[in-house]
Each structure stands twice: as C-alpha cells, then as structure tokens.
Amino acid sequence: MNTKTLGCTLLIAGTTIGAGMLALPLASSSLGGPATLALMLGLWALMAFTAMLQVEASLSTGKWYLHQLADQLLGPWGKRVASFCILMLFYSLASAYISGGSSLLVQALADVGISFSQGQAAWAFTLLFGGMVCIGTKQVDYLNRLMFAVKLVIMVAVLALLLPRAEGQHLLSLPLGQGLLLAGLPVIFTSFGFHGSIPSVMLYLGDCPKRLRRVFVWGSALPLILYVLWQVAILGLLGQQSLLDNGGALDGLLAQIGHLVNWPLFNQAMHLFADLALATSFLGVTLGLFDFMAKVSKRDDNASGRLQTGLITFVPPLLFALYFPQGFIMALGYAAIALAILAVLLPVALVWQSRKQAEPHHYRAPGGVLALGVAGAMGVLIVGVQLSVSLGLLPAL
C-alpha cells in the first residue's frame, strides 16, 4: 500500500471516527450487546458496498460528484435532490463540528490558563482547520495522518486497560423494549458516514478500482473494529444498567470509567481523543464540502479561487455556530435521512440506471441485482425509521 493510498484510508477512517464514538455505548445501551454488534457489522457492510456503487457509477460516466452523476443518470430532479441533501448534511455537520470544537478549545485553553470566549474559539478553530482544507488535499492528508496516529495510540492504550476487565455476562444483554432495534438503525448508521469524502479521494487517487476498493473497505473497517472493541470494553466493564443510569452524559461516563481504571491520566487522554476525533471528522467533512462548492461555483484552483471557495464553505457554518449555537440540533436529528439518501438510495439508483443505459465497463461492484435490492430496502427502512422516531412513533434511544 503506497503512501497516498494509506493516507486516503486514514482520511476515510478519520472522517468516520468522530467524537460521537465515545458516546456510542450510551446511545446503544438500550439495545444490549449482541444486537448492537449485529447492527454495526450489517451497516458497515452496507456502507462499504454503497461506496463501491458510487465508484462504479463514477467510472462508468466520468463524473465524480453525486449531483453530476444524478443529473446525467437521473435527470434534473435527481440533481436537485442530491444537491439539497449534500448541502443539508455537510453544512449541518460542519456547524456542529465548529460548535463542538470551539467548546473543547475553550476548555483546553482554560486548563492552561488562557481565557477565550466561545466566539473567539469558533473563529480560531475554523481558521486553523479550515485554512488547512483551503491549502489543499495533500496538506489535509498529512495533518490527518498525524492526528489519526495519535488518536489510535490513545485508543490502543485505553482498550488495553479496559478489555481485560470486561465481564462476559454484561455482553449478552438484550434489547429492553420493542422497537428499539429499529430505533438503533439511524444512530449506528450515521457512525459509518464517510461518503461525502468519496469524490475528494477519487480526485486525489485517480480511477483505479483496486486502490479505491482498498481505501473504502479498509478505511471503513478500521472504525468498525474500534467501535466493536470500544463497545465490548465499555459494556463489558459497566453493564447495561449502569450505562442506562448514567443518563446519557459523556463526562459522567468517562468519570465512571476513570474510577475503575488505575490510570490517573485517563480523563485527559479521552478528552484529547475527543478533540482529535472531532478535528479529523471536521477535516474529512469540510474537504468534501470544499471540493463540492468549488465544482458548483466553478472557482479556479489557484490561491484566489481557493480563498473564495473557502469563504463559501466555512462562513455559513461559522455564522450559525456563532449566532445560533442550538440551531442545528433538529437538523442533526435529520442528518440520518440526508445520509441515507446520499450514501444508500442515490448510489443504488445511479448504478441501476448506469447498468441499464451503458455497456458493461471495466468495473462493477459485487452482488448483482439482489445486492442492489437489499441495499435499497435498507435505505428506505433507515429513512422511515428516522422519520418515525422524529414523529414519536418509535422510541428514541
């Protein structure tokens, strides 16, 4: 595996593994161990498969961006749906990451005696990491490798401490109520979201299906492995009831684990992991948004053009983070709907149309018509479940 392939693999993994990983055991505590692990495995397979569907559609048409693919294969309405979902998902996630990143930055600076307001921290976070995105994919690649390496070392150390303490009977807990298994679909599904970065990776690596398959399969498998180990470690250590009694507070969870672990630096290490996880997710998401906006607005790939694209990319989420810190809570609740359309339903529809309209080309995603049908059904199910949870028809986790 050459360095560019490795870097893109880590970019996909870094985009996928956000600070929300730490709260996954809390979010899925009502599901129990076997159901959570089964959902993780199934949804990882779904997302890796649909990533390769998007690669197939791109290679068959010569178009890298979803809105272009949708326009060519599905017509104007397909392009409108794709563009709307991309903007909804990317801008809401970018706003959330700026808001969360600025809060973490305020806390980190306060620990070393530096006073920063939330607004100042939001500006600093956006200028630092947004500036890296504006400079170029290569720079984001190198920075992401460094942060991912540190993040991985922290997780290996923490898991080495926690896994020997896991108790087998805690891992066999079952869902506590009807409908919870369905309600868990959107929560875990969004933990495997990386598809917005696919065009950027394809532009960076080229059109070699073997390299792209390696990047997307292994880049999404690394988060799966860490998610499973983290779930086993936390559920096995604390048990389902203890997680439920925690009330969903991440700080409370870390403090609870810290009391059981003989490592004085545990809380600092986990907060550093959260900082790095949020930063790598921000880089991956905004890189995809930056490249999308550059294409849509037809800006030149020079210093002036990249600066203009950077303003289009980062000013709207920065303004929302500054003036409406709670404004995207509801939008984030619907992020699973936008992601299900972008990452599952659109790739299925695009490949279906591509295979009808064109002669077989040099690459096809595995699975045939049956796999397309199963993936499409899963996408519809996730959208339906998220709408049902939002309307109160299904219990939320």
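Val228 touches Leu37 and Met40, residues up to four places away in sequence not being counted; contact here means heavy atoms within 4.5 Å. The structure is a predicted model, in which local features need pLDDT of at least 70 and side-chain atom pairs count only at pLDDT 80 or more, while totals for chains, interfaces and linings use all residues. Residues are numbered from 1 along each chain as its sequence is written, and side-chain values use heavy atoms, with hydrogens and water left out.

**Exercise 1.** Determine where Val228 lies and whether it is buried, partly exposed or exposed.

*Solution.* Step one: Val228 belongs to helix H10 (residues 209–238). Helices are DSSP runs (H or I, at least four residues), numbered from the N terminus. Step two: the relative accessible area of Val228 is 25%, so Val228 is partly exposed. The classes are buried under 20%, exposed over 50% and partly exposed in between (1.4 Å probe, protein chains only). Step three: the C-alpha atoms of Val228 and Leu41 are separated by 8.9 Å, although the two residues are 187 residues apart along the chain.

**Exercise 2.** Classify the packing of helix H3 against helix H16 and describe the residues in contact.

*Solution.* Step one: H3 (residues 33–61) and H16 (residues 335–357) pack at an angle of about 45 degrees, with their axes 9 Å apart. H3 is therefore oblique to H16. Axes are lines fitted to C-alpha atoms, for helices over the stretch in contact, and angles run from 0 to 180 degrees between N-to-C directions. Angles under 35 degrees count as roughly parallel, over 145 as roughly antiparallel, 65 to 115 as roughly perpendicular and the rest as oblique. Step two: H3 and H16 cross in a left-handed sense, that is, the near helix is turned anticlockwise from the far one by less than a right angle, clockwise being right-handed. Step three: the contact includes Leu46, Met47 and Leu53 of H3 and Leu339, Val344 and Arg355 of H16. Its residues divide into 11 nonpolar, four polar and two charged. Ala, Val, Leu, Ile, Met, Phe, Trp, Tyr, Cys and Pro count as nonpolar, Asp, Glu, Lys and Arg as charged, and the others, Gly among them, as polar.

**Exercise 3.** Apply the analysis to helices H4 and H5.

*Solution.* Step one: the axes of H4 (residues 66–74) and H5 (residues 76–111) come within 6 Å and cross at roughly 160 degrees. H4 is therefore roughly antiparallel to H5. Step two: the crossing is right-handed. Step three: among the residues that meet are Leu66, His67 and Asp71 in H4 and Pro76, Lys79 and Ile86 in H5. The contact comprises six nonpolar, three polar and two charged residues.

**Exercise 4.** Describe the backbone and the surroundings of Lys298.

*Solution.* Step one: Lys298 lies in the loop between H13 and helix H14 (303–323). Step two: its phi is near 55 degrees, a positive value in a residue other than glycine. Most residues other than glycine have a negative phi. Step three: Lys298 is exposed, with a relative accessible area of 73%.

Notes. Helices (H or I, at least four residues) and strands (E, at least two) are DSSP runs, numbered from the N terminus.
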